[in-house]
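Open the model in your viewer and keep the selection tool ready. This tour moves from one selection to the next.

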Amino acid sequence: MERWVAYAIISMLFAGFTAVIAKQGLTGISAELGLTLRTLFVCAFIILFGLLAVTPAEIKNLQKHHYIWLALSALTTAGSWIFYYKALKMGDVATVALIDKGSVVVTVILAWLLFKEAITLRMMIGAMLIIAGIITLAKK
């Protein structure tokens, strides 16, 4: 197995735990307060990780476009988290998490449009199954 696949699987496992743990953490508080507190913890953990993993030479190589694109990524992450926590506070954790995973379909389309990544028949079938799963589980 390639290393990036292992990393993606580990990410998937952490993300799965994240939704369940967050839902429990929101008990008795607003989604806004929960998200704010969680983000402070994430910020502290990531800064510590960066101090351990990033070399000073790498920091010197940063260019303007790195800041712009990563700031835009942070903005879209913030939007995603804000609405995810609002949905998590009000809805069933499994349904919210599944709908959120519809982002895979958006990602595939954007990767095709922006990076000219191929969309194979296998990917189209997978995307349709994700959409079908979202529709099936989101309906009450």
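The stops below cover a helix pair, a core and one further residue.

This is a predicted model: local features need pLDDT of at least 70, side-chain atom pairs count only at pLDDT 80 or more, and totals for chains, interfaces and linings use all residues. Numbering starts from 1 along each chain as its sequence is written, and side-chain values use heavy atoms, without hydrogens and water.

**Stop one: the helix pair.** Select helix α4 (residues 64–90) and helix α5 (residues 93–100). Helices here are DSSP runs (H or I, at least four residues), numbered from the N terminus. Their axes, lines fitted to C-alpha atoms over the stretch in contact, come within 9 Å and cross at roughly 155°. Angles run from 0 to 180 degrees between N-to-C directions, and those over 145 count as roughly antiparallel. So α4 and α5 are roughly antiparallel.

Now show the side chains. From α4, Ser80, Tyr84, Ala87 and Leu88 make the contact (heavy atoms within 4.5 Å). From α5, the partners are Val93, Val96, Ala97 and Asp100.

**Stop two: the core.** Select Ala19, Ala22, Leu26, Ala31, Leu35, Tyr84, Tyr85, Leu88, Val96 and Ala97. These 10 residues form the largest nonpolar core: buried residues (under 20% relative accessible area, 1.4 Å probe, protein chains only) joined through side-chain atoms within 4.5 Å. Which element gives the most to this core? Helix α4 does, with 3 residues.

**Stop three: Leu88.** Beyond its neighbours within four places in sequence, Leu88 touches Ala19, Ala22, Lys23, Leu26, Val93 and Val96.

**Last stop: Ile10.** Find Ile10 in helix α1. Ala44 lies 34 residues from Ile10 in sequence and 21 Å away, C-alpha to C-alpha.

Note on methods
Helix = DSSP H or I, 4+ residues; strand = E, 2+ residues; numbered from the N terminus. Parallel < 35°, antiparallel > 145°, perpendicular 65-115°, else oblique. Buried < 20%, exposed > 50% of the residue type's maximum accessible area, 1.4 Å probe, protein only.
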